[in-house]
Amino acid sequence: MAEEVTHAASRAFKFRELKVYASTEWLADNKKKYRQVFDRYETTYVYAELSFYNKKFDIEDWEVEVELRCYSAKKSTKMLCALPFRRKVSKYDNVMYIREGWGNKNEGAFWKKGTYYWEAWIEGEKVATKYFYIEDAGEEAEFGDNPYLEVQSLKLYEGPYDDVIGDERIYFRTFNSEETRYIYVEITLRNLHANKPWHCELFTKFYNDARELKGQVVRLQRIDKRDELIRITAGWGSNVKGSWRRDRYTAELVFMDKLLAVVPFVVEDEFEEGPASVMLPDWQAPMVLAPDDAFNQTFDEVMAKLDSLVGLTQIKKQVRDHAKYIQFLQLRREKGFAEKDEINVHSVFIGNPGTGKTTVAKMMGLLYKKMGLLKKGHVHEVDRVDLVGEYIGQTAPKVKEAIEKAKGGVLFIDEAYSLARSNDDSKDFGREVIEILVKEMSNGTNDFAVIVAGYPKEMKHFLDSNPGLKSRFKLYFEFSDYLPQELSQIADIACREKGVQLTPEAKTKVDDIILNAFRTRDRSFGNARFVYDIIEKSKIKLGLRVMSEEQPRDLDKEQLAQVELEDVSQIQLQPPVELPNIPVDEPLLEESLDELHRLIGMENVKAQITELVRLVRFYRETGRDVLNSFFLHTAFIGNPGTGKTTVARILTKIYKALGVLERGHMLETDRQGLVAGHVGQTAIKTAERIEEAMGGVLFIDEAYSLTMRGQGNDFGDEAVQTLLKRMEDHRGQFFVFVAGYPDNMETFLKANPGLNSRFDKMLRFDDYKPEELHQIALKMLRENQLLPAPEAEEHLRSYLAFLYDHRDKYFGNARTVRSVVDEAIKNHNLRLAGLSVAERAEMPPNVLTLEDVASLKMDKSSFIFNKPRIGFGVREH
């Protein structure tokens, strides 16, 4: 604010304001770009704007004597200029403006770093003083650069006029229009000009969606050379709730006439907690900015923190060696060596979950920043969902947005292998992601590092998926699973972070759990995540035990933090699933068994199912656990057309009637419904089918195709592994039926040791005998309201026996019978169609005659299941 000097009431004016500016650009409403802090290398003239109210407005013209004086106050006060003049004040001007400046037309020529002020004199009386400051960053900044400060964090919160102390602030991205008073911006800036004290003038402007200025707050703050961070709050609003209407708003930060950042926010019906997105002028996409004390660490402090991590001995050595080699290359460049290649900062992290990949990635970002390779050193973590679009044209913008957010830091792509489908899948947009990454990584001007992470086998496929991809990565880091003793140390760290202590007995129990989990681990083992989960569950059990005490508030701090053996013992790593107790549905059971016994043939299958029904009923009557006594997963083995799918549907109904299935539906699928085209997605696709089958049966037709090795990358094994794990984890909640041909199914069940043990029920479907084929044919004819004449029936019987005697592996059993019957029905209809109405009236329409089946000749050359053979024949003489 300008310092105002009081005047006698008899004067013809009333002082209004004294402002300072440097730009001659005119703004709306006769305004200028007013400020008090200027950069030396951008400043030519510094102007003073004196304004006063005309008390003789609309009465008469008059003249006024004005003098503007400028002083330097660096060490001792020194007058730079005195500008006296006499001006006419028109009776038509309510407010009078007088503007004059001092300086030099060349930027940086006149004004030097220091403190200055303007004085305004009217009619010989000093009316105001206004200070301004010239700052010097050492050299002229390039366009777009800011040598003074860098935005570190911007957050929004609500509060009263007198603000909210730091610990009590709740940060929002959306505000309640009826409850909001002031909306504050918590601003954290990094001091880039820390070698000298200087003045920071920050403008915070609040705009509504129509770009109308709702309010502006100016903060002028002296920055000491010891200040690494600059913290400022600026708020606008009213102590009366409801001053913020429902709308979209922005809070915009301006420093030295340059836009620093824009924070969009919404005012509507409810508060929504969370950090608001921030848009920076040189970034294409919004991001969340939050302060991180890690960025204040020195190079040695970052390396010391890396060394303090549990385990990772080889990783630590690799990172340290990599850092030393980079320093060596930088030293060579300082001495004048010309390096042909750019320093490679792109890396491949290989390892299971929870092995420290993300933690090390963050440290590498900090190391690269400290060594001057990256500007910011932050880590932006993404996966396939963040990069791949659903439709054509969506992927490239998503990838470029992720790269923009990673600029100056590290783009960490977890499960990167999911971007590479099998080589024969040209429709996946993951390929587009890889192509864009290769192009961006090849551009030496990009200020970011790429770290890709995933399982070893899948990552090899990922790197081989694009010829240029592997060449971009020179650094490979393999993260081994933590050893039990290392996981025990991680448990101690987790306890400290969560504010609990383990008694010796509880510690021993935790170590036992860790050891057992380590021994039975697979590649999905969570490592450190698993240990943190154990400690979190122990803390929950501690809390439940404490709150069950009669007077929990009387307990001391040690009792509130001490985890006992009983707390750890109650942890359930796999909580038991209580299955519903469903009574036997006798009518449905009778109906299902009747449907089974009406089927033609398959006497051995009927006997096995009847025996199973008796056994399950006995177990239920005697109170035994049926679902933990039998797997009830069943393999249906037989040639085509032997009734496998039909019996599977009936057996599903039987299980439902017995109460061993909650829903009793059957979901039919095959390889195509389980296997995806790229690594990592097959497990997801298989899991989705299993979820749909929960409470019922998952029927997999031609299941052997999951383990048949074809050319290229086959992901059927991934489906089998997922299936086996879910069959164990969700025992009794669903059943799996697999079906296929005898030879192929034998190979399938032997392909994985877990398969044979899971399927303890084998139903073998033999080929139908000739008489059974005949009975099936008669049944099909009856379903079409047809009766064969005796001679037609005899011909049909003989023909089916002929087919049976000459059957091969292509013989379709009931499917072949269906083809034969369809042929006879077609001939029957064609014969009747060839008769006149009168002739047709004299003949029974539902009788199949010998003429209708005459085309079924006992000649092997007419077999529809014959296949051409390639080989050498014998020449006839």
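Predicted model: local features only at pLDDT ≥ 70, side-chain atom pairs only at ≥ 80, totals over all residues.

**Aromatic pairs**
- The structure has 39 aromatic pairs.
- One of them is Phe349 with Phe477: the ring centres sit 5.4 Å apart and the planes meet at 75°, so this pair is edge-to-face.
- Phe349 is in strand S19 and Phe477 in strand S23 (residues 475-479), so the pair ties together parts that are 128 residues apart in sequence.
- Phe349 also forms an aromatic pair with Phe479, and that one is tilted, at 4.9 Å centre to centre and 50° between the planes.
- Phe479 lies in strand S23 too, so its pairing with Phe349 in strand S19 links parts 130 residues apart in sequence.
- Phe349 is buried at a relative accessible area of 0%, Phe477 is buried at 2%, and Phe479 is buried at 3%.
- Elsewhere, ring pairs join Phe172, Phe175, Phe206, Trp244, Tyr249, Phe265 and Phe271 into a cluster.

**Arginines over rings**
- Arg69 lies over the face of Trp121, 4.0 Å from the ring centre.
- Arg332 does likewise with Phe337, at 4.1 Å from the ring centre.

**His346 in its loop**
- You'll find His346 in the loop between helix H2 (313-334) and strand S19 (347-351).
- With 9% relative accessibility, His346 counts as buried, because the cut-off is under 20%.
- A polar atom of the His346 side chain lies 3.0 Å from the backbone nitrogen of Val450.
- Leaving aside neighbours within four places in sequence, His346 is in contact with Met441, Phe448, Ala449, Val450, Arg472, Phe473, Lys474 and Leu475.

**Positive phi angles**
- Most residues other than glycine have a negative phi, so the next two are worth a look.
- Arg211 isn't a glycine, yet its phi is positive, near 65°; Arg211 sits in the loop between strand S13 (198-208) and strand S14 (213-223).
- Arg211 is partly exposed, with a relative accessible area of 47%.
- Asn527, also not a glycine, has a positive phi of about 50°, and its place is the loop between helix H10 (504-519) and helix H11 (528-547).
- Asn527 counts as buried, at 0% relative accessibility.

**Helix H17**
- Helix H17 (residues 644-658) has 15 residues and spans 21 Å from first C-alpha to last, close to the 21 Å expected at 1.5 Å a residue.
- Its buried residues include Lys644, Thr652 and Tyr655 as well as Val647, Ile650 and Leu651.
- Just after H17 comes Gly659, with a positive phi of about 80°.

Note on methods. Residues numbered from 1 in each chain as written. Heavy atoms only, no water. Helix = DSSP H or I, 4+ residues; strand = E, 2+ residues; numbered from the N terminus. Buried < 20%, exposed > 50% of the residue type's maximum accessible area, 1.4 Å probe, protein only. Polar contact = N/O pair within 3.5 Å; in protein donor to acceptor, adjacent residues only side chain to side chain. Contact = heavy atoms within 4.5 Å. Expected span 1.5 Å × (residues − 1). Phe/Tyr/Trp six-rings, centres within 6.5 Å; stacked < 30°, edge-to-face > 60°. Lys NZ or Arg CZ within 6 Å of the ring centre and 35° of its normal.
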